[in-house]
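The model comes first, and my entries come after it.

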Amino acid sequence: IPLLERIEFAINSEGINLSKEVTPQEFQKIVLPCLARSKWVRMWLLDNALGDFSCFCLRACPQFSQLRELFLNNNNITDIGLKSLCLALPGSNLEWINLSKNQLTDRGIVQLADVLLVSNIKVLWLENNLDIGDQAAMALAKNSSKLTGLWVGNNQIGDEGMRVLAK
């Protein structure tokens, strides 16, 4: 089924939900223009292997700021893509962001933690990134006062990191 037909089934007035169906090229040529013409508040793009370029594209789209939910889990996003998203967070309405099962490290999460206080993020999923450890946990604990939900399971966070997060 061509992507345009799949989008018709995955779209509603609130947003789009495409799992395991979008290539990076389709994302850039079809999904982003749809976002640019929409009033979506939700974008769920799970398991698509979109990579860092998708983060650059999202940040450049003026309608990015209207999104309240962004699920990009399992999309091969690294700290480079996360840094691009972080630049757009302070001016956005994003409240929920799911970055589980990507390739994020302490360095990227420290950058994300730095913008948490000036963003609207309330719920953050970072599970299964494997290279997130105590340094990221400490940065998140320091700047997460606005978070109502934080998932960091299946990472490399040790006892010290868990202790500071628990406070």
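The entries below go from the sheet to the salt bridges.

I note that this is a predicted model, in which local features need pLDDT of at least 70, side-chain atom pairs count only at pLDDT 80 or more, and totals for chains, interfaces and linings use all residues. Residues are numbered from 1 along each chain as its sequence is written, and side-chain values use heavy atoms, with hydrogens and water left out.

Entry on the sheet. Pairing here requires at least two DSSP bridges between two strands. I then checked β4 (residues 96-98) and β5 (residues 123-125), which pair in the parallel sense over 3 bridges, and Ile97 has Leu124 in β5 as its bridge partner.

Entry on the salt bridges. I found 4 of them in the structure, counting a side-chain nitrogen of Lys or Arg within 4 Å of a carboxyl oxygen of Asp or Glu. Glu14, Arg42 and Glu69 are linked in a network: Glu14 meets Arg42 at 3.7 Å, N to O, and Arg42 meets Glu69 at 2.9 Å, N to O. Arg42 lies in β2 and Glu69 in β3 (residues 69-71), so this pair ties together parts that are 27 residues apart in sequence. For accessibility (buried under 20% relative accessible area, exposed over 50%, partly exposed in between, 1.4 Å probe, protein chains only), I noted Glu69 as buried at 13%, whereas Arg42 is partly exposed at 24%.

Technical notes
Helix = DSSP H or I, 4+ residues; strand = E, 2+ residues; numbered from the N terminus.
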